Amino acid sequence: VRLANEGPAGLAAYVCGELGHAWAVAERLDFGIVGVNEGAVSHAAMPFGGTKESGLGREGGNHGIDEYLEDKYLCLGGLDM
């Protein structure tokens, strides 16, 4: 894990093995996408993006539109209920 995380890029990583151990390793990896016992990790409904020199932010899924949205709070008074 240390050797993998020391690299300059962080788009995708893959871990194979017993599920509990592989999941624990995947959580410690500094990558934007991690496949656990799976090689085909890309899906249109999921966010796509990396860490470090592999980019900032996400594309796709609900996360991809967040950078283009602004939150707005509306408070409406004067309603007698």
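Let us begin with how exposure is judged here: a residue is buried under 20% relative accessible area, exposed over 50% and partly exposed in between, using a 1.4 Å probe and protein chains only. By that rule Ser-42 is exposed, because its relative accessibility is 61%. What you have above is a predicted model, in which local features need pLDDT of at least 70 and side-chain atom pairs count only at pLDDT 80 or more, while totals for chains, interfaces and linings use all residues. Residues are numbered from 1 along each chain as its sequence is written, and side-chain values use heavy atoms, with hydrogens and water left out.

You will find Ser-42 in the loop between strand E3 (33–36) and E4; strands are DSSP runs of E with at least two residues, helices are runs of H or I with at least four, and both are numbered from the N terminus. In sequence, Ser-42 is 30 residues from Ala-12, and their C-alpha atoms are 9.9 Å apart in space.

Now to the cysteines. A disulfide is a covalent bond between the sulfur atoms of two cysteines. Here it is taken as a pair of cysteine sulfur atoms within 2.5 Å, and a search of the whole structure finds 0 of them. Cys-16 counts as exposed because its relative accessibility is 68%, and Cys-75 is exposed at 64%.

Side chains of opposite charge can pair when their charged atoms come close. For a salt bridge, a side-chain nitrogen of Lys or Arg must lie within 4 Å of a carboxyl oxygen of Asp or Glu. The whole structure holds 1 salt bridge: Arg-2 pairs with Glu-6 at 2.8 Å, N to O. Both ends are exposed, Arg-2 with a relative accessible area of 57% and Glu-6 with 51%.

Finally, turn to the surface patches. Their members have over 30% relative accessible area and no salt bridge, with like charges joined within 9 Å and nonpolar side chains (Val, Leu, Ile, Met, Phe, Trp, Tyr) within 5 Å. Accessible areas come from the Shrake-Rupley method with a 1.4 Å probe, and for residues only the protein chains shown count as cover.

Ile-65, Tyr-68 and Leu-69 make up a nonpolar patch with about 370 Å² of accessible area together. Ile-65 sits in the segment after E4 and is partly exposed, since its relative accessibility is 45%.

Asp-66, Glu-67, Glu-70 and Asp-71 form a negative patch; Asp and Glu count as negative, Lys and Arg as positive, and His and the chain ends are not counted. Each charge is placed at CG of Asp, CD of Glu, NZ of Lys or CZ of Arg. Asp-66 lies in the segment after strand E4 (51–52), and at 46% relative accessibility Asp-66 is partly exposed.
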